[in-house]
Amino acid sequence: MQALLLLQGRPQITAAELAAALEVSVPTARRDLEALAMSGVPIYPTRGRGGGWRLIGGARTDLTGLTQGEVTSLLIGLTQSGAATPERIAAMRKLVRAMPEPFRAGAQRVAAATVRDAPWGATEDDSPAPAVAVLQRAIAESHRVQLEYRGSRGVTAAELVPLMVGSRGAKWYLIAAPVSEGSDVADEGRIRTYRVDRIGELRVLAVNGIAPAGLDLTRVWAEMVERVEGFRGAARAVVRVEPWAVRALCDRFGAQAQPLDDPPDVGGRVRVEVRAHRVDALAEQLAGWTSAAEVEGPGEVRAALRELGERIAASYRDDAVESPGRD
């Protein structure tokens with residue numbers, strides 16, 4: 001929305017200029033412009049030196065001229081194009097307020113039911129799967145979806161009411177539930193989380209699927225994050241980290257690393273607690289930090305690191321290989 005307002009005030013704008021104006025990255029600005037074009041807004045790019053994005057024929061847009069599908073597409077593009085910065089949140093609110101009344105309810109559902117979360121190794125260049133937009137349209141229209149899901153028990157089919165979609169790091173998740181028996185309302189007691197990248201065939205059904213009255217989507221998302229964090233952090237270890245490497249290690253582990261309040265040791269090393277879903281996975285992640293971090297405990301993680309080191313040494317031990325340059 002803010003990109004559109006900026007375009008209306010000048011002959012053209014480049015992705016770099018839009019990025020500077022909105023204080024976002026150039027790839028994010030470029031995606032915002034592409035989202036506008038794909039939503040039916042009359043803008044187009046010009047290539048080469050002096051190029052940029054322009055409104056066709058110097059046109060000025062009016063939201064009342066957009067169809068409901070075009071408005072939904074525009075809002076979906078905004079919700080997917082990056083993290084929930086204050087500017088993007090403000091743009092979505094302005095867009096919803098400017099919509100004709102018949103479009104507003106569906107737009108509000110999409111805006112409230114889409115989350116962009118930063119942890120777990122996120123990058124602004126992460127692109128959502130096409131299934132995310134399909135799910136968002138179903139939410140806007142209050143329709144159920146039929147999907148195939150590849151889970152731990154194999155491929156299963158389900159008919160669900162999509163309640164919200166959100167990204168946590170590079171992964172997108174669907175939170176959904178089947179309807180209560182004899183109604184169109186999702187069963188709040190059967191809400192489940194689905195990885196979008198594990199969804200196979202997906203289609204929107206021409207039957208209603210309604211969220212329970214008063215459902216707190218913020219609470220539902222927070223509970224999902226806490227539950228997944230628990231799965232990811234079942235194995236724990238305390239490591240002593242060189243001062244120069246503390247920030248890098250914490251960035252690498254994200255929410256699964258927490259510096260402890262203990263004072264540094266005599267060498268200045270900082271104690272940090274790190275977590276992963278299994279001991280062997282934690283050992284594999286820590287193996288690359290041996291020059292900067294030492295595992296203090298527990299013993300099972302130290303043992304897993306030792307076994308990993310022995311396997312690596314064995315795989316590279318080859319007495320038959322001679323050094324280069326020897327006769």
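Entry one, the helix pair. I looked up helix α10 (residues 279-287) and helix α11 (residues 299-315), and found that their axes come within 9 Å and cross at roughly 65 degrees. Axes here are lines fitted to C-alpha atoms, for helices over the stretch in contact, with angles running from 0 to 180 degrees between N-to-C directions. Helices (H or I, at least four residues) and strands (E, at least two) are DSSP runs, numbered from the N terminus. I noted the crossing of α10 and α11 as right-handed, a term for the near helix being turned clockwise from the far one by less than a right angle. On the α10 side the contact (heavy atoms within 4.5 Å) is made by V279, L282, A283, E284, L286 and A287, and on the α11 side by E300, V301, A304, L305 and L308.

Before going further I wrote down that this is a predicted model, in which local features need pLDDT of at least 70, side-chain atom pairs count only at pLDDT 80 or more, and totals for chains, interfaces and linings use all residues. Residues are numbered from 1 along each chain as its sequence is written, and side-chain values use heavy atoms, with hydrogens and water left out.

Entry two, the sheet. I traced an open sheet of 4 strands in the order β10-β11-β9-β12, with antiparallel pairing; two strands pair if DSSP finds at least two bridges between them. The edge strands, each pairing on one side only, are β10 and β12. Strand β9 (residues 235-241) and β11 share 7 bridges, and R236 has R275 of β11 as its bridge partner. Between strand β10 (residues 257-259) and β11 I found 3 bridges, with A257 partnered by V274 of β11. Strand β11 (residues 270-276) is largely enclosed by the rest of the structure, because 5 of its 7 residues are buried, meaning under 20% relative accessible area with a 1.4 Å probe, protein chains only.

I checked V145, which lies in strand β4 (residues 143-151) and counts as buried because its relative accessibility is 0%. V145 and A158 are 13 residues apart in sequence and 8.2 Å apart in space, C-alpha to C-alpha.

Definitions and conventions
Buried < 20%, exposed > 50% of the residue type's maximum accessible area, 1.4 Å probe, protein only.
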